[in-house]
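Please work through the two exercises below with the sequence and the structure at hand. Each task is followed by a solution in steps.

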Amino acid sequence: MEALTPTCMSTDDSPEVSMPASHIGVAEQGKCYALQGKHDWALAYYREAIRMTVQAGEHEIVFRHYLECVLESLELTGAYDEVLDYCDKALALLAGSESTPHTEMELAHILQRQGVAHLKAGQREEASAALRRAVEKAKALGWSLPLAATLLGWVERGLQVDSRRIVAEQQRNRYFIVRPETVDAARAVKLPNESLILGLASR
């Protein structure tokens, strides 16, 4: 994982809040936990933030951002089946949508995520197929996906790479949205029922 910023080294000083807490503060606390490598805790906070977002009727873009955070932590904990299940559902949904530059680029990003998960899971043929489609989709739009192109090159050359090497390449390409410079630890808040939520998450 990337180096932690001083403000996220510990959450002991994070303010306790009364309900209802802001979903933004809850999500930021989850991100701080993710930067510490406490992804089970991060997932519990992200899911609570998503619940609060849905309950408040927030714009879909907020929900999608938190979902991206969930997928990153799932991937970093090796829950590849869950990530791939999401990708399959998202691809099926997009298949029934009107083809626009936006939906095509979204499709490329999902294919890249799918390829990464397959590669980390040791499923090289599936990874190659997904990554190739991602690169081709992006190229057709005049864009590029450097990470997908690099990983595809590794697979095609028969290189054996472990998940740590893949994560390093992901970090180099700024693949993860949860990074020290993107987390606002000053806004992070702990939930008053944190012990209950984390206890349920650990089951």
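Predicted model: local features only at pLDDT ≥ 70, side-chain atom pairs only at ≥ 80, totals over all residues.

Residues are numbered from 1 along each chain as its sequence is written, and side-chain values use heavy atoms, with hydrogens and water left out.

**Exercise 1.** Describe how helix α5 and helix α8 pack.

*Solution.* 
Step 1. Two packed helices are described by the angle between their axes and the distance between the axes.
Step 2. For α5 (residues 101–120) and α8 (residues 163–172), the angle is about 155° and the axes are 9 Å apart.
Step 3. The angle therefore makes α5 roughly antiparallel to α8 (angles over 145 degrees count as such).
Step 4. Val116, Leu119 and Lys120 of α5 make the contact (heavy atoms within 4.5 Å) with Ser163, Ile166, Val167 and Gln170 of α8.
Step 5. By class, this contact has 4 nonpolar, 2 polar and 1 charged residues.

**Exercise 2.** Determine which helix supplies the largest share of the lining of the largest cavity.

*Solution.* 
Step 1. A cavity is a set of points on a 1 Å grid over the protein atoms alone where a 1.4 Å probe fits but cannot get out, and lining residues have an atom within 4 Å of a point.
Step 2. Among the 11 lining residues of the largest cavity, Ala34, His39, Glu72, Leu76 and Val178 are the closest to its centre.
Step 3. At least two lining residues come from each of α1 (23–35), α2 (39–56) and α3 (60–76).
Step 4. The largest share, 4 residues, belongs to α3.

Definitions and conventions: 1 Å grid on protein atoms, 1.4 Å probe; cavity = no way out; pocket = protein on both sides within 12 Å on 5 of 7 lines; lining within 4 Å. Axes fitted to C-alpha atoms, helices over the stretch in contact; angles between N-to-C directions. Parallel < 35°, antiparallel > 145°, perpendicular 65-115°, else oblique. Nonpolar A, V, L, I, M, F, W, Y, C, P; charged D, E, K, R; others polar.
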